[in-house]
Amino acid sequence: MKYRKTIGVIVVICLICISWVTGSQYFKPTPVKLMVPKGWPKPVYDFKSNPLTKEGIELGRQLFYDTRLSKDGTISCGTCHQQFGAFNTYDHSLSHGYNNSLTTRNAPGLFNLAWQKEFMWDGGINHLDLQPLAPITAENEMAESIQNVLSKLQAEKEYRRLFKAAFGDEKVTTEKLTKAISQFVLTFVSSNSKYDRVKLGVDTFILPVDSSFYRNNSSLNFSFGVDQSSVFLGLSFKSF
Amino acid sequence: MIHFHNRFGEALLVPEQSYMMHGDTITINRFKYYVSHFELTNEQGKKITLPVQYYLIDAADSVSGNITLNIPIGKYRWIHFLLGVDSLRNVSGVQSGALDPLHGMFWTWNSGYIMAKLEGTATSSQIAGKQFTYHIGGFRGNNNTARSITLPLSVPDNKALIIADAKKWFEGSYPLMISKEPVCHSPGTLAVSIANNYANMFSILSQQK
């Protein structure tokens, strides 16, 4: 009788352990902290509702560059938001969309989005997580329905794995899709460029004004200055 | 247990079916609306607030009209709810469940929920395909189109049948004419006028056991 009780207790403990391991508590993505650059204000994005994780950012990156988010599989977010141009397309006046269509505006650059309250050129979108829904569904952008995007991704084994790694289960939903994209684009922070470092007084611009080239070309003189008081950077070209 | 029963005038509202209104033949293709924030007032005048939960009622899916609320046993005189989506949920990013933007009740280009939607065709419509489309939304200040509804529960019961009469969109303080205004797709004066009309579309059907 006593043994039976002990065995019972052991079985219960084992069952609890198994359910703990297989359950969501076992899901532990790697947290990532967004570095707020020195002197910058507090981000407006609510990271509590969507904590950055290595897995979430990775999934977001995959989605950002996946053309399957568009109706005919030709356009990804990255098609117009090109990394080398600060995530815009500077050689277009208007972004190119589905089926040879043109949009009415050019894709804006993406950076420092954690500090931005409104999105799109007209500020029509009030939350970063909502932003991807507009280009995905616009007829002259990616022209796809949200439901189709979810179905296409759900059918991919690799995506089921990535969603599980980032959010704890394989089910692809609008909320998870958009939060993953937010996580990725939130990492685009434009701090610590040479310009920023000079502004902080930890670096200087040393221009080759003393080089023989400029000394020997007296018709051309570069003058360059950093006005510390107004944080205004001026580069002027003067011809003598 | 609440059931939303969709009608057009006295008739049961069935998508793709035609109805007569002021000499006009109207076919309803879509009729969808959000309800939430249920509250009940009992015989002693005490208000019971239920946890906030959103429901999307769709005339094309009669099951969507069934709502089960967990209410303490008692006799209730009034039922209160919100038609639409409160302003907080309009500014809190991507929601799930009934509020998932994939239900076609969210404006992605100018963030905000469509509180209620009525689409169809009418002989009096002057636009392509004889259509009319009313997507009513707007949550800011005077443009708010969510409406608080209060209905009397004549016979205290654990079941309530709520009638939603789409014809009321055309009646009331603003005489909406499909021939003149076949489309409303953005927040503003027209949306608010239509919202003032649809605020009166609900009534309680005398309860049956």
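Reader: Which residues of α2(B) are buried?

Author: The model is predicted. In it, B:Leu190, B:Ala191, B:Val192, B:Ser193, B:Ile194, B:Ala195, B:Asn197 and B:Tyr198 are buried.

Reader: What makes helix α2 of chain B largely enclosed?

Author: The helix spans residues 189-198, and eight of its ten residues are buried, so the rest of the structure largely encloses it. The cover over those buried residues includes strands β8 (76-83), β10 (112-122), β11 (131-137), β12 (147-152) and β14 (183-184) of chain B.

Reader: Why is B:His135 called buried?

Author: B:His135 has a relative accessible area of 13%. The cut-off for buried is under 20%. Therefore B:His135 counts as buried. This residue lies in strand β11 of chain B.

Reader: What is B:His135 in contact with, leaving aside its neighbours within four places in sequence?

Author: The list is B:Trp107, B:Ile114, B:Ala116, B:Lys117, B:Glu119, B:Cys184, B:His185 and B:Ser186.

Reader: How do you know that B:His135 and B:Glu119 make a polar contact?

Author: Their side chains come to 2.6 Å. The limit for a polar contact is within 3.5 Å. The pair therefore passes on distance.

Reader: Why is A:Gln131 called buried?

Author: A:Gln131 has a relative accessible area of 17%. Buried means under 20%, so A:Gln131 qualifies. A:Gln131 sits in the loop between β2 (101-102) and α4 (133-137) of chain A. Beyond neighbours within four places in sequence, A:Gln131 is in contact with A:Phe119, A:Met120 and A:Ile125.

Reader: What makes A:Glu156 and A:Arg68 a salt bridge?

Author: The closest N and O atoms of the two are 3.1 Å apart. The rule asks for within 4 Å, so the pair counts. The pair links distant parts of the chain, 88 residues apart. A:Glu156 is in the loop between α5 (146-154) and α6 (157-167) of chain A, and A:Arg68 is in the loop between α2 (54-64) and α3 (77-80) of chain A.

Reader: Why does A:Arg68 count as partly exposed?

Author: A:Arg68 has 31% relative accessibility. Buried stops under 20% and exposed starts over 50%. The value falls in between, so A:Arg68 is partly exposed. A:Glu156 is also partly exposed, at 31%.

Reader: How do you know that A:Asp122 and A:Arg105 form a salt bridge?

Author: Their closest N and O atoms are 3.5 Å apart. That is within 4 Å, so the pair meets the rule. Both residues lie in the loop between β2 and α4 of chain A, 17 residues apart. A:Asp122 is partly exposed at 46%, and A:Arg105 is partly exposed at 38%.

Reader: Is B:Asp165 buried or exposed?

Author: B:Asp165 is buried, with a relative accessible area of 9%. Its side chain meets that of B:Lys168 in a salt bridge (3.4 Å, N to O). B:Lys168 is partly exposed, at 30%.

Reader: What is the area buried between chain B and chain A?

Author: About 1,200 Å², with carbon and sulfur atoms giving 59%. B:Val94, B:Leu102 and B:Thr108 supply 46% of the area that chain B buries against chain A, more than any other three residues.

Notes: Residues numbered from 1 in each chain as written. Chains lettered and ligands numbered in written order. Predicted model: local features only at pLDDT ≥ 70, side-chain atom pairs only at ≥ 80, totals over all residues. Heavy atoms only, no water. Buried area = accessible area lost by both parts, 1.4 Å probe. Buried < 20%, exposed > 50% of the residue type's maximum accessible area, 1.4 Å probe, protein only. Helix = DSSP H or I, 4+ residues; strand = E, 2+ residues; numbered from the N terminus. Contact = heavy atoms within 4.5 Å. Polar contact = N/O pair within 3.5 Å; in protein donor to acceptor, adjacent residues only side chain to side chain.
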